[in-house]
Amino acid sequence: MSTYPLRQKLVTIASRDAGQLETSRNQGPAIRKFWPATSYPEGYRERQPYCAAAVSYWVREWLKDPEVTIAICEQYDILPRQVEAWRCKSAGAFAWLDWANKKGVQVLSDSILNTLHTGDLMVFDMSHIGIVADDSKANIYTIEANTGATGGRDGDGIFTQVRQRPMARGFIRLLA
């Protein structure tokens, strides 16, 4: 059975925040809600970069869906009550790769031979992270926080972007 409908739910959750802008450097109503989903909730007050905090929030909200929880539990052999403890809560992009490797979550390279899936996480070489919204082999369409019109890792809001594979340090597949 395809997990596409479940993975698409993660993209839908992240999409709700696309277009939200900071009201001052690394702050604003859309950003404040991200930080409690991390192990570093004071990051908002300290005006820290929030790309991974956003992904932590989006994944936490996604895991509240009973169908998603069941699929994750089956894939990783955990109980529903363990899902919150299982998920990554890091506010650092590179730490997501460490978490994935520790938890046995599939990590893919940027090779064109790897087919990406909607809902995969793209961890960038520039210490940044986003969600793959759609992949067309050459271009990767993402939803990212703390980026901007120029596509940097320290922007002014939450945007959809078009990215190239070589920008990736790796891709995390939460649900096969």
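Modeller: Happy to; I'll start with the helix pair and then turn to the cysteines.

Please keep in mind that this is a predicted model. Two packed helices are described by the angle between their axes and the distance between those axes. Here, helix H1 covers residues 4–15 and helix H3 covers residues 51–62, and they pack at an angle of about 130° with their axes 9 Å apart. H1 and H3 are therefore oblique to each other, and their crossing is right-handed. On the H1 side, the contact is made by Leu-6, Arg-7, Lys-9, Leu-10, Ile-13 and Ala-14. H3 answers with Trp-58, Val-59, Glu-61 and Trp-62. Sorted by class, the contact of H1 with H3 has seven nonpolar residues and three charged ones, with no polar residues.

Now for the cysteines. A disulfide is a covalent bond between the sulfur atoms of two cysteines. With a cut-off of 2.5 Å between the sulfurs, the count comes to zero disulfides. Cys-51 is in no disulfide, and the nearest cysteine sulfur to it, that of Cys-88, is 12 Å away. Cys-51 is also buried, with a relative accessible area of 5%. For Cys-73, the closest cysteine sulfur is again in Cys-88, but at 17 Å the two sulfurs are too far apart for a bond. Cys-73 is buried as well, its relative accessible area being 9%.

Notes:
Residues numbered from 1 in each chain as written. Predicted model: local features only at pLDDT ≥ 70, side-chain atom pairs only at ≥ 80, totals over all residues. Heavy atoms only, no water. Axes fitted to C-alpha atoms, helices over the stretch in contact; angles between N-to-C directions. Helix = DSSP H or I, 4+ residues; strand = E, 2+ residues; numbered from the N terminus. Parallel < 35°, antiparallel > 145°, perpendicular 65-115°, else oblique. Left-handed = near helix turned anticlockwise from the far one by under 90°. Contact = heavy atoms within 4.5 Å. Nonpolar A, V, L, I, M, F, W, Y, C, P; charged D, E, K, R; others polar. Buried < 20%, exposed > 50% of the residue type's maximum accessible area, 1.4 Å probe, protein only.
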